[in-house]
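The entries follow the order in which I looked things up.

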Amino acid sequence: MKGLVPYLTGGIRPDWTRYLREYERNGATAIEIGLPFSDPILDGPTIQEASDRALRAGASVATILAEVAATKMTIPLIAMTYYNLVVHRGPELFCRELADAGITGLIVPDLPIDEAGALAAAAEKHGVDLTLLAAPTTQPDRLAEIARRSRGFIYAISVMGTTGERDQIAESGIRLAGELRRLTDKPVLLAFGISRPEHAAAAAGVCDGVVVGAALMRRILDGGTPEELGAVLGGFRRALDSVAV
């Protein structure tokens, strides 16, 4: 089965954990939970708005992790956040708190691989997979290092720029996924701009799954209920399942 990983900003609504259960029920293989940060440099307007709304509602790392811990899930949960929040607590405490909440993966997009040693060690100690990102402009030697050191899967960014919905899947992402799959047996998931089920189906031919972020968060910001978003994710699931690879 191809991987389907929806992104959800933690604390976006008081009942935000209901989206976790609906995503699980509608075919998610894992869920990426954004721990909101005030200066999310890699995120476009939609995720920025979601982060800002969550922060203004009082969401914090502590409140989000407490709510995650109280939500019984059977699929992996992955935290996505920025390095400032990791440094604030320290890698050791941060990873221990993730593990205590039941989170088994971590993505820190602004952490250079050359500076990832301390966090990688702390994550491994607490059973948290630190997943690294690769971009279309990543040089071949760095790409090989990312493929070797990434845990869980490899997060392939389809385009240079910020997160956000796009009209079509970028050819640069297709090329990157192909290069990574030649370097490693680890799963390669394509992210950024996976906005429609047909994008997921197109990506499925070259990668092991997709991450869907802004396309879902836009609907949540516009008032979409957990049940409605579950149905939307189900469309992505059916598109992936329709591709025999």
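Predicted model: local features only at pLDDT ≥ 70, side-chain atom pairs only at ≥ 80, totals over all residues.

**Entry: sheet**

I looked up leucine 189 and found it opposite glycine 209 in β9. Strand β8 (residues 188-191) pairs with strand β9 (residues 209-212) in the parallel sense, over two bridges. I then traced the whole sheet. It is open, has nine strands and pairs in parallel. I wrote down the order as β5-β4-β3-β2-β1-β9-β8-β7-β6. Which strands are at the edges? They are β5 (129-131) and β6 (133-134), and each pairs on one side only.

**Entry: annotated positions**

I checked the UniProt record next. The entry is unreviewed, and it places the feature "active site" at Glu32 and Asp43. I find both Glu32 and Asp43 in the lining of the largest cavity.

I took glutamate 32 first. It lies in strand β2 (residues 31-34). Is glutamate 32 buried or exposed? Its relative accessible area is 2%, and the cut-off for buried is under 20%, so glutamate 32 is buried. I listed its contacts, leaving aside neighbours within four places in sequence: Val5, Pro6, Tyr7, Leu8, Ile78, Met80, Ile107, Tyr155 and Val211.

Aspartate 43 came next. I place it in the loop between β2 and α2 (45-56). Aspartate 43 has 5% relative accessibility, so I count it as buried too.

**Entry: aromatic pairs**

I counted three aromatic pairs. One of them joins tyrosine 155 and phenylalanine 192. Their ring centres are 6.5 Å apart and the planes stand at 85°, so I logged the pair as edge-to-face. Tyrosine 155 lies in strand β7 (residues 154-157), and phenylalanine 192 in the loop between β8 and α9 (197-204). The pair therefore ties together parts that are 37 residues apart in sequence. Tyrosine 155 is buried at 6% relative accessible area. Phenylalanine 192 is buried as well, at 7%. Tyrosine 155 had already come up among the contacts of glutamate 32.

**Entry: nonpolar core**

I finished with the largest nonpolar core, which has 87 residues. Which residues have the most contacts inside it? I read off Tyr23 and Leu106. Helix α10 (residues 214-221) gives the largest share of this core, five residues.

Technical notes:
Residues numbered from 1 in each chain as written. Heavy atoms only, no water. UniProt positions renumbered as here; feature names shortened; annotations may be inferred. 1 Å grid on protein atoms, 1.4 Å probe; cavity = no way out; pocket = protein on both sides within 12 Å on 5 of 7 lines; lining within 4 Å. Helix = DSSP H or I, 4+ residues; strand = E, 2+ residues; numbered from the N terminus. Buried < 20%, exposed > 50% of the residue type's maximum accessible area, 1.4 Å probe, protein only. Contact = heavy atoms within 4.5 Å. Pairing = 2+ DSSP bridges. Core = buried A, V, L, I, M, F, W, Y, C linked by side-chain atoms within 4.5 Å. Phe/Tyr/Trp six-rings, centres within 6.5 Å; stacked < 30°, edge-to-face > 60°.
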